[in-house]
Amino acid sequence: MLKFNFEEQLKNTIDDFAKSKGIEEEIKFVVEIPPKNINADLALNAAMIIAKKMRTNPRIIAQELIEIIKKDFSNIIKLAEIAGAGFINLHFTDEYLQGELNKILDKKENYAKQENIKQDKIMVEFVSANPTGPLHIGHGRGAAIGDSISRILKHLGYNVVKEYYLNDVGNQMNVLGESVKTRYRQLKGEDIPFLDDGYKGEYIKDIAQDLINEGKNFEDIDFKKESHTRILETIKKDLQQFRVDFDSWFSESKIAVDKDENGETEVDKVCKYLLDKGNAFEQDGVLWLKSTDYGDDKDRVLKRTDGRYTYLASDVAYHKNKYERNFAQVINLWGADHHGYVARIQAAIQMLGQKKDALKVILYQLVSLVRNGQPVAMSTRSGDFVTLKDVLDEVGTDACRFFFLLRASDSQLDFDLELAKKQTSENPVFYVQYVNARCQSILRDYKEDSSGANLSLLNTKEEKDLIKKLISLEDILLICAKTKSPHHLTTYLIETADVYHRFYEKCKVLQENKELEKARIQLLKAVSTIITLGLSLLGVSSPSKM
RNA sequence: GCGUCCAUAGCUCAAUUGGAUAGAGCGUUUGACUACGAAUCAAAAGGCUAGAGGUUCAACUCCUCUUGGACGCGCCA
């Protein structure tokens, strides 16, 4: 724990200092891990901010601040120096680094858990693919991101619920049933045309064929129900293979079909509520949501002339339900093709009395499949998309998840199937997993007790760099939580692997000097802990042999 | 036409959300296995951050315009 812990500790010191200079406002300084080309453990920008308010030279302020830091934090900071325009660069004492290393060794897989975190309930809603077909590769990216954010938040100590919203009512389910029914009849030899707007994928025929094989009477088959159930089973199986499990499956029928004692659904009620509050209005036989009041560029239809509700109406009721379940924060993962939807749902939750930031929508860009640098067709003529399962069967869950988590969600992702399968350093998954394999190959043959090793013997540059890298995991997780972006963790693991392999080249672990050997064994244990923990938060395994 | 996101090394992408000399991996070139796993390491080359203005001590990051891409724009879900 480098940055955030230290920021906390410094806050009072800096505020007092600012007050002594006659500044009453809060100083919004940051402590950061400096760019790679800077030789320092942490950098502090407070002097520049204070100097700006005082209209004076930041380097003078920095010098005064340095004296105070040296005095107050001598146990943590061994060197503080001015750099650049007025940055204060800080270097940790060896004792501090060893202490943090010990924390990793003590806490093991519980390292970086936060003790004083707010116990707010957070919901992460993701995938939520319609049960009209198997998950495709795009759903996979959403699943990986949503699941990893949840794992990270959970690890830090938040109370997280992962939910899948199931759009299992509405016309699409009828179309699904009819599609299967038509295929069934065609397979039975009837010469009938397929539906114009039916689902054309091969999986529809597969379901029809299964139903035929089961030999039930045509009249007895509820095609809609059978199709829905079977597809949902497939989705659940795929998610299981992808190591994604949901805490909760929320069916749209709960809010759009189920009625209370007055014969009203949740959708009926929320629309009435919005109408009463003046957030909705009727015009030309249509019920409109006045979303322009909250920044949307058009008002949106809630209820059509034929009396049926739109998808939006369900979604508003669904979000109302989320907040009724006391989620302080709601995170939704949507494919970027739904971006037009953000403004209206943001508008809706504000009408329901929530603050705008009670809902965070993470949009992820679509995935392009590539094989050896050449684009792969994403859908076939028959209407099948490349399914998540196909990709999982080909490259494995580890590689698939890691690749999805490699990039920021708002950048388009090229997924190279051949690269993901490679077992060389070109493939970052193996590069990182190899670290643990190397550690374990030494550790499993080491029979002595290394606890109580003298960690101060770890004093080469490679060893110290490695320790610093390991103990910054906590900061990385906090950054991931703050930005809701797990890719920082992926990048961190690759960097950590890099630092480890460098250490490994330079510092032999097993050797004559038994005291140093012990200390390095302890370091290996810490590396193994951090890599395993980090990968597990991405949902990736870390085998001890590869 | 309107809107959202994007444009960074040959390629794929980072840059801790306004901070220092813009970093990685791959690819390329050159080295390192009679030491714990060479699935590795060391070194080099590679950049006017698409272009033009602006805001400020400080801009890849914020604002305006231009160019080029992806995706939206239904009383579909």
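A: Chain A of this predicted model is divided into domain 1 (3-92) and domain 2 (425-537), with bounds that come from an automatic or database domain assignment. The centres of domain 1 and domain 2, taken over C-alpha atoms, are separated by 30 Å. Residues are numbered from 1 along each chain as its sequence is written, and chains are lettered from A. Because the model is predicted, local features need pLDDT of at least 70, side-chain atom pairs count only at pLDDT 80 or more, and totals for chains, interfaces and linings use all residues.

A nonpolar core here is a set of buried Ala, Val, Leu, Ile, Met, Phe, Trp, Tyr and Cys residues joined through C-beta atoms within 7 Å. Buried means that 20 or more other C-beta atoms lie within 10 Å of the residue's own, with C-beta atoms placed from the backbone. The largest such core has 136 residues, and L65, I88, L470, L477, L489 and V527 touch the most other members. Helix 20 (residues 514-537) gives the most to this core, 11 residues; helices are DSSP runs (H or I, at least four residues), numbered from the N terminus. The core lies between domain 1 and domain 2, because both give residues to it.

As for L65, its contacts (C-beta atoms, placed from the backbone, within 7 Å) include F17, A46, A47 and I88, leaving aside neighbours within four places in sequence. Another core, of 11 residues, lies apart from the largest one, and L176, Y199, I207 and L211 are among its members.

How values were computed: A residue is buried if 20 or more other C-beta atoms lie within 10 Å of its own, exposed if 12 or fewer, and partly exposed in between; C-beta atoms are placed from the backbone. Helices (H or I, at least four residues) and strands (E, at least two) are DSSP runs, numbered from the N terminus. Two residues are in contact if their C-beta atoms, placed from the backbone, lie within 7 Å.
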